[in-house]
Amino acid sequence: MKPEETVDYNVKVCWHAISRMYNTEAAKNDITTSIGFVLLNIDQEAGTPATKIAPLLGLEARSLTRILKSMEEKKLIFKVSDPSDKRLVRIFLTKKGLQKKEVSRKTVLHFNHKVREQVPQEELDVFFKVCGRIQGLIENKEIF
């Protein structure tokens, strides 16, 4: 079987193309794709517990720690300990973080709009269904 005939190759190549595209746009705003995705997953009013962000993005806790440190250095976020549980740390967006979140939101919406202009909804429905089935197979340990 040729690499281009495998499911994983096509998913990886497509994701890398999307990631490169997002990184090019993110760099124009002094952020990265990873930072953009984290920003999009932080609740603007209530903040978001740091422990909840990594699973939302499919990241390891160590990777998220590095990203959050970078985001603090860029003054995009700040951390607040929960008054009732000192082990819990909530992540909040700064004014600058809110601005970068809006840029990230618009970038994702623009990408999705452009894809939807070119790919019929029926094909997207099949794509989403196939992705869901593959994720299910992996999560249910039906492959290995």
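Me: Which residue does I77 stand opposite in β3?
Reply: I77 stands opposite L93. Keep in mind that this is a predicted model.

Me: In what sense do β2 and β3 pair, and over how many bridges?
Reply: The pairing of β2 with β3, which covers residues 89-93, is antiparallel and runs over 5 bridges.

Me: What holds strands together in general?
Reply: Backbone hydrogen bonds do, in either a parallel or an antiparallel arrangement.

Me: What is the strand order in the sheet?
Reply: The order is β1-β3-β2 in an open sheet of 3 strands, with antiparallel pairing. At the edges are β1 (48-49) and β2 (77-81), each of which pairs on one side only.

Me: Where is D30 found?
Reply: D30 lies in the loop that runs between α1 (7-27) and α2 (33-40). D30 is partly exposed, and its relative accessible area is 47%.

Me: What about the phi of K141?
Reply: K141 is not a glycine either, and its phi is positive, near 55 degrees. K141 sits in the segment after α6 (121-139).

Me: Is K141 buried or exposed?
Reply: K141 is exposed, because its relative accessible area is 65% and the cut-off for exposed is over 50%.

Notes: Residues are numbered from 1 along each chain as its sequence is written. This is a predicted model: local features need pLDDT of at least 70, side-chain atom pairs count only at pLDDT 80 or more; totals for chains, interfaces and linings use all residues. Side-chain values use heavy atoms; hydrogens and water are left out. Helices (H or I, at least four residues) and strands (E, at least two) are DSSP runs, numbered from the N terminus. Buried means under 20% relative accessible area, exposed over 50%, partly exposed in between (1.4 Å probe, protein chains only). Two strands pair if DSSP finds at least two bridges between them.
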